[in-house]
Amino acid sequence: MNDQAWMHRAIAAAVRKLGATAENPVVGCVLVNAGEIVAIASTGEGGRPHAETRALAMAGNAARGATAYVTLEPCCHHGKTPPCTDALIAGGVARVVTACEDPDPRVSGKGHQTLRNAGIEVVEGVCRTEVAWQLRGFLNRHIRKAPYVTLKLAVSADGKIAARTGEETAITGEFARNRVHLLRAQADAVLVGVSTVLADDPDLTCRLPGMAARSPVRVVTDSKLSIPLTCHLVKTAKEVPVWIMTTGAANPENASALTAAGVEVVECTSTADGKVDLAGMLAKLAARGISHVLAEGGAHMARALVEADLVDEAVLLSAPKKIGPQGVDAMAGLPLDTIRASTKFKQRGESEKVGDDWLARFVKTK
């Protein structure tokens, strides 16, 4: 097998931990000695231990003379754990192959140089494009100081998301809904506006079997703190984190009650019309270690994010049935072709059949 084939093993190891490594990047590491895998690991739950140290511990003496295939440049700084470069050097690894340079200024090329200075052969850029896609949230947070935003829309054949305003409507089938739960498990936060909470009273957790612990932080924009204390999000805030992003004009008494219920109330800057400034809110999320946000609802949130040029990727789940003219437009009057036929977005791959529905991804081109 060549370097690309071994790196694909490391990529496959990392994908299982998407959304589960907190502020740390999800990394895969494969140790190969004499053509055989002696260890394969990924970043631990919550971001530690790092993939390299886990793989070295598995391999033991078999790491000496091995090649380490690592999806991201090994860290070379002392944080909450010692540098992975030191561990690779001490483990006797002879060669390190990486896909992406770490944009964290504490690393950013220094990890590669540290290994070279120790006499280890370093090969960079193997499967860079594939790993950059896998790490798009982490890279976005460090380079642009904002989380990567995926907008999810489940729409009828005529572009509606509900039969009527305030009425929860099942648009897509079970297979498509399960795919949404997987998207939640792979994100750091799921975002909705308070109008969605008032209309649907959602849980916003991952309900795939055995994956409840992979539920993301649930984030709600609510400039006036009008979210009811009796809603599911508030009642379960001590089980799965809930962050309410609000403005300075919010009622302090409501803030105290929400805090007592386990909700974290975060003050953000406001727009001229008193709403939460979405760009400023995303910057706050990035500063809190959120790398990938899944925006789920509702129509006005979707429109606001698209119009503010804050959507990096749109996942459209399209059902074959129509709802009719009385239905709620997916983006509050903004045509879906703003995404589907825009030069700003390009479809990634082919549309995928998901049960009776179709899934298509559109990624921002610049």
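Q: What does S108 count as, going by relative accessibility?

A: S108 counts as partly exposed, at 32% relative accessibility; that class lies between buried (under 20% relative accessible area) and exposed (over 50%), with a 1.4 Å probe and protein chains only. Before going further, please note that this is a predicted model, in which local features need pLDDT of at least 70 and side-chain atom pairs count only at pLDDT 80 or more, while totals for chains, interfaces and linings use all residues. Residues are numbered from 1 along each chain as its sequence is written, and side-chain values use heavy atoms, with hydrogens and water left out.

Q: OK, and where is S108?

A: S108 is in the loop between strand 4 and helix 4 (110-117), where helices (H or I, at least four residues) and strands (E, at least two) are DSSP runs numbered from the N terminus. Although S108 is not a glycine, its phi is positive, at about 35°.

Q: Speaking of G297, which residue does a cis peptide bond join to it?

A: The partner is G298, and omega of that bond is about -10°. G298 is located in the loop between strand 12 and helix 12. A cis peptide bond also joins R48 and P49, with omega about -5°, and P49 falls in the loop between strand 2 (36-42) and helix 2 (51-59). For context, most peptide bonds are trans.

Q: Switching to rings, how many aromatic pairs does a search of the whole structure find?

A: The search finds one. The partners are W6 and Y69, whose ring centres are 6.5 Å apart with 35° between the planes, which makes the pair tilted. The rule is that rings of Phe, Tyr and Trp (its six-membered ring) pair if their centres lie within 6.5 Å, with planes under 30 degrees apart counted as stacked, over 60 as edge-to-face and the rest as tilted.

Q: Which parts of the chain does that pair link?

A: Distant ones: W6 belongs to helix 1 (residues 3-15) and Y69 to strand 3 (residues 67-72), 63 residues apart. W6 is buried, because its relative accessibility is 7%, and Y69 is also buried, with a relative accessible area of 4%.

Q: And which charged end sits over the ring of W243?

A: That of R288, at 4.7 Å from the ring centre. Over the face of W133 lies R348, 3.7 Å from the centre of the ring. A charge sits over a ring if NZ of Lys or CZ of Arg is within 6 Å of the ring centre and within 35 degrees of the ring normal.

Q: How far apart in space are A279 and N254?

A: They are 25 Å apart, C-alpha to C-alpha, and 25 residues apart in sequence. A279 is in helix 11 (residues 278-287), and its relative accessible area of 41% makes it partly exposed.

Q: Last one: why is helix 6 largely enclosed by the rest of the structure?

A: Because seven of the eight residues of helix 6 (residues 136-143) are buried. They are R136, G137, F138, L139, N140, R141 and H142. After helix 6 comes K145, with a positive phi near 60°.
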